[in-house]
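User: Hello! I am new to reading protein structures and would like to learn on a real example. Could you walk me through one?

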Amino acid sequence: MAKELLKGNVAIAEAAIRAGCQAYFGYPITPQTELLEHMSKRMPELGRTFLQAESEVAAVNMVYGAASAGVRVMTSSSSPGISLMQEGLSYIAGSEVPAVFVDVMRGGPGLGNIQPSQSDYNQVTKTAGHGDYRPIVLAPSTIQEAIDLMVLSFDLAEKYRTIVFMVLDGAIGQMMEPAELPPMRELPTERPSWALTGKGNRDKNIVTSIRLGAQPLADFNDILQEKLAVIEKNELRYDELYTDDAELVIVAYGTAARVAHTAVKHLREENIPVGLFRPITLWPFPYQQLGELADRVSTFLSVEMNAGQMIHDVRESVGRQAEIEFLGRPGGIIPLPEEIEEKVRDMWRQKNLAAQIN
Amino acid sequence: METSIIIAGFGGQGVLFAGQLLTYAGMDQGQHVTWIPSYGPEMRGGTANCTVIISDEEIGAPTVARPDVAIVLNLPSFEKYEPLVKPGGVLIVNTSLVSEQSERTDITIVEVPANQIAKDFGSAKMANMAALGALLAKRPLFSLDDLLQTLHDHLPKRKHHLLEANKLVLQHGYEVGMGTAVPA
């Protein structure tokens, strides 16, 4: 298939359809609405389910229901909508059913605004609801990557019977870039063996998040933690640019990583040995890989479109010895390459100055 | 080589489409391209703008502080972007709606009566095309023929009856940019 000029939100919706999404439930919210809009047109065309719920709370519970029945299902929203879905997310996690969520993040807190932001990092990577669990969180930085990760989201959700979040900021949702869509996948002909499909002659299936006894719930938590450990081992994804000989490394994802990429290119022209480390999975976070980088790099800069959320994971990765600085733009502002360049030049000067004094 | 272009004007002036046309043309020429609209509160004030980047390398940041080219179709856009064009850059001004003049000497300025040209060929809605024509005269990102081909290839079929008029407006805008235009 040839490359087409695609808008992020539309590309994601179409990629989900081609990945075999059978049901979509959602509620409109900027800057994600084109995704829902595309679904509203395409899903009925294909004889699949599209339903605009009366709220995000209803939408997430419809997702829970469809997932429990073994249907390949997703929803999408933006930050305040994702906040409303927290209870349902936790129930889905407690029931171990696969479900895919897309969060096109906007500025917060509160109703905030509709501009691009990475304000939900903590919310989606740390739990995304009450209780001990973590969704897999994928963060694309181009429209092609958003398409590819959308397809992967369904595969991972089903493989681990878990929640997969794809998070992007409004800029990737709204922008257009040439990209190639995958071929249309055939829909599964059978439901998974654990799904609620009407008992018939088989053994009873139970999908629930209620485990009233303390010990049964503790046991379930152990199983969940074991599963998370497997995901942590198998599903790490990240990208590196010029880190081989870097003495200073920028850590960034999504649109912030694109801006950092431009800055790194410019700074390399000035012979400043700077590299870019880009987590693609925000959970599992590449703690170990970033930590190994810290064995030979002592200076890091976390660039985020928020007031400093991923920086704590960067700190945990690189240890107390490394120096970490932060450049962030909360409130829906995309940082400029020039800001990052200025910051890195300053850090590079300080680093050289310190080396001279020592 | 990377060129950043901001196109700005009132909603309804075809700002977003003009940007998409440049983006398609860049893509058709095998270049890397990005297009990003402003979709924030400024939209609610009736102005619209988009940023297009055309590059022979992978594109990082999709937005810029200072563009190489600004096409300003109304006065608020002139006021906002005229000071921001990079030295050595190009400013295309729609003089049908912008009465102010730029005093900058470090950029190339092309004054195009875009609404008037478009109206002369049938509809003021084609003002965006007059401005694009003028841009190609000063910054040949691709040839006028290539852009016309792109317009033909990507304009929805149901709008193909407008191709001929759009072509004439583009051509005339181009001649204004070249300084060879005779009044229509």
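User: Which domains does the domain assignment of chain A give?

Analyst: Good place to begin, and please keep in mind that this is a predicted model. The assignment gives domain 1, covering 4–234, and domain 2, covering 238–357. The C-alpha centres of these two domains of chain A lie 29 Å apart.

User: How many residues does the contact take from domain 1 and from domain 2 of chain A?

Analyst: A contact has two sides, and each can be described in turn. Here domain 1 of chain A gives 25 residues and domain 2 of chain A gives 22 residues. On the domain 1 side, the elements that each supply at least two residues are helix H6 (121–126), strand S6 (136–138), S7, helix H8 (170–174) and helix H9 (214–234) of chain A. By class, that side of domain 1 has 12 nonpolar, nine polar and four charged residues.

User: How do I read the overall build of chain A? How many helices and strands are there?

Analyst: Chain A has 13 helices and 14 strands. Its radius of gyration is 21 Å, close to the 21 Å that the globule rule gives for 358 residues, so chain A is as compact as a globular protein of that length. The C-alpha trace of chain A spans about 80 × 50 × 40 Å along its principal axes. Of the 358 residues in chain A, 51% are buried. Among contacts in chain A between residues at least 6 apart in sequence, 79% join residues at least 24 apart.

User: Which residues in H13(A) are buried?

Analyst: To call a residue buried, we ask for 20 or more other C-beta atoms within 10 Å of its own. In H13(A), the buried residues are A:Pro337, A:Ile340, A:Glu341, A:Val344 and A:Met347. Looking down the axis of H13(A), the buried residues fall within an arc of 130 degrees, so they line one face of the helix. The face turned away from that buried side carries the exposed residues A:Asp346, A:Arg349, A:Leu353, A:Gln356 and A:Ile357.

User: What do the buried residues of H13(A) pack against?

Analyst: They pack against several elements of chain A: strand S10 (248–251), helix H10 (254–269), strand S11 (274–279), strand S13 (299–304) and strand S14 (323–328).

User: Let us look at the backbone. Which residue is joined to A:Pro31 by a cis peptide bond?

Analyst: For this we read the omega angle. The cis bond joins A:Thr30 and A:Pro31, with omega about 5 degrees, and A:Pro31 is found in the loop between strand S2 (23–26) and helix H2 (33–45) of chain A. The peptide bond from A:Trp283 to A:Pro284 is also cis, with omega near 0 degrees. A:Pro284 lies in the loop between strand S12 (281–283) and helix H11 (287–293) of chain A.

User: And phi? Where is A:Arg161 placed?

Analyst: A:Arg161 sits in the loop between helix H7 (143–160) and strand S7 (163–169) of chain A. Its phi is positive, about 45 degrees, although A:Arg161 is not a glycine. With 17 C-beta neighbours inside 10 Å, A:Arg161 counts as partly exposed. Another residue to look at is A:Tyr242, with a positive phi of about 55 degrees although it is not a glycine. A:Tyr242 is found in the loop between strand S9 (238–241) and S10 of chain A, and is partly exposed, with 18 other C-beta atoms within 10 Å.

User: In what order do the elements of chain B run from the N terminus on?

Analyst: The order is β-α-β-β-β-α-β-β-α-α-α-α, which comes to six helices and six strands. For 184 residues, a compact globule would have a radius of gyration near 16 Å; chain B has 15 Å, which agrees. Buried residues make up 48% of chain B.

User: How many residues does the contact take from chain B and from chain A?

Analyst: It takes 16 residues from chain B and 20 residues from chain A. On the chain B side, helix H1 (15–28) and strand S2 (32–37) of chain B are the elements that give two or more residues. S2(B) gives the most, with five residues. The residues on this side of chain B divide into 10 nonpolar, six polar and no charged.

Methods: Residues are numbered from 1 along each chain as its sequence is written. Chains are lettered from A and ligands numbered from 1 in the order in which they are written. This is a predicted model: local features need pLDDT of at least 70, side-chain atom pairs count only at pLDDT 80 or more; totals for chains, interfaces and linings use all residues. Helices (H or I, at least four residues) and strands (E, at least two) are DSSP runs, numbered from the N terminus. The radius of gyration is taken over C-alpha atoms; the globule rule is 2.2 Å times the number of residues to the power 0.38. A residue is buried if 20 or more other C-beta atoms lie within 10 Å of its own, exposed if 12 or fewer, and partly exposed in between; C-beta atoms are placed from the backbone. The arc is that of the directions from the helix axis to the C-beta atoms. Two residues are in contact if their C-beta atoms, placed from the backbone, lie within 7 Å. Ala, Val, Leu, Ile, Met, Phe, Trp, Tyr, Cys and Pro count as nonpolar, Asp, Glu, Lys and Arg as charged, and the others, Gly among them, as polar. Domain bounds come from an automatic or database domain assignment.
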